[in-house]
Amino acid sequence: MIGQARNFLWHNARTLEQRWFEHAFDGGSAENVVRAVLAYRNDDGGYGYGLEPDHRGPTSQPLHALRALQIFAGVNAPEHAESVLTWLNATCPDGSVPFGMSTSKDHPKAPWVQADDQGGLLLTSQIAAALHALEVGDPWLDKATDYCWQEIEKLGETHPYELRGAAMFLDEVPDRARAELAAEKLKHLKPSTEGYAEGEGLELHQFAQKPTSLATAWFTEEELAEDLDELQNAQQEDGGWDFHFPAFTPIVKFEWRSIATVDALLTLRRYGRIS
């Protein structure tokens with residue numbers, strides 16, 4: 001399984017995902033992963049240039065900042081969160097992060113990537129989760145955390161990606177007692193998939209991303225086991241995994257497949273399915 005994935009990544013992946021895989025499975029250094037991420041950093045401290053495949057162009061955008069922070073968390077490089085926090089303090093001073101910013105209006109992006117500067121739980125929750133995982137302290141993170149609590153506690157109608165963001169936040173936020181209570185409430189929400197493409201959606205392991213996730217209580221052991229079986233069996237003949245949303249331009253097909261491949265392997269390892 002890992003050997004086939006390695007072959008797929010050497011054939012098709014960006015340098016970043018190749019370095020990420022090397023670090024995770026072949027003894028590669030965290031420094032090499034960090035250097036690959038830093039190639040996407042802008043002078044303002046944010047990230048651009050398609051670091052997150054669905055947002056093209058050079059301008060610093062929240063999706064790229066999220067991707068950078070998640071990778072830094074994965075390789076235990078909290079010192080590199082500082083520049084992102086500088087950018088967040090300057091562009092999202094109230095602690096609420098939009099899905100996209102109007103600075104990207106002249107550059108290509110997926111049709112579902114809005115550029116309206118309107119903050120929301122979807123991105124704020126995931127960025128706050130990554131910063132908490134990095135165990136950094138900053139006044140901006142305090143504001144973002146307060147915002148997430150406020151939005152989660154009044155959450156009624158939602159969609160799968162927002163619910164996943166909330167679950168990610170609850171897994172990392174320091175107030176564990178409050179997180180457990182909130183997770184119990186979210187367990188009963190029925191996210192809407194109206195407007196989604198056919199076959200698009202999230203799998204159970206994308207809510208419960210590790211065995212200690214609070215979202216594991218949203219499913220039975222049998223449901224999670226079946227979901228992980230399906231993930232394990234979803235490796236394609238070429239060694240990679242696929243993703244379950246449209247590719248808005250041809251180049252992102254292999255970029256997203258490479259990310260999905262490393263994500264799948266890491267998930268299976270966290271759940272003890274591979275060594």
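Colleague: Which helices do the buried residues of H3 pack against?

Modeller: H3 spans residues 30-38, and its buried residues are Asn32, Val33, Val34, Ala36 and Val37. Buried means under 20% relative accessible area, exposed over 50%, and partly exposed in between (1.4 Å probe, protein chains only). Helices are DSSP runs of H or I with at least four residues, strands are E runs of at least two, and both are numbered from the N terminus. Packing goes by contact, meaning heavy atoms within 4.5 Å, and the partners are helix H2 (15-25) and helix H4 (62-74).

Colleague: What kind of model is this?

Modeller: Residues are numbered from 1 along each chain as its sequence is written, and side-chain values use heavy atoms, with hydrogens and water left out. Local features need pLDDT of at least 70, side-chain atom pairs count only at pLDDT 80 or more, and totals for chains, interfaces and linings use all residues, since this is a predicted model.

Colleague: How many salt bridges does the rule give?

Modeller: One more pair is aspartate 106 and lysine 105, at 3.5 Å, N to O. Aspartate 106 is exposed at 62%, and lysine 105 is exposed at 60%. By the rule, the count comes to 12.

Colleague: Which residues does alanine 183 contact, leaving aside its neighbours within four places in sequence?

Modeller: Alanine 183 lies in helix H9 (residues 176-186), and it counts as buried because its relative accessibility is 4%. Serine 213, 30 residues apart from it in sequence, is 9.8 Å apart in space, C-alpha to C-alpha. With the neighbours within four places set aside, the contacts of alanine 183 are Leu170, Leu214 and Trp218.

Colleague: Asparagine 76 isn't a glycine, and its phi is positive; what is the value?

Modeller: Asparagine 76 is found in the loop between H4 and helix H5 (81-91). Asparagine 76 counts as exposed because its relative accessibility is 65%. Its phi is about 55 degrees.

Colleague: And what is the positive phi of glutamate 135?

Modeller: Glutamate 135 is in the loop between helix H6 (121-133) and helix H7 (139-153). Glutamate 135 is exposed, with a relative accessible area of 72%. Though not a glycine, it has a phi of about 60 degrees.

Colleague: Which helix holds glutamate 226?

Modeller: Glutamate 226 is partly exposed, with a relative accessible area of 48%. The residue is found in a run covering residues 221-232, namely helix H11.

Methods: Salt bridge = Lys/Arg side-chain N within 4 Å of Asp/Glu carboxyl O.
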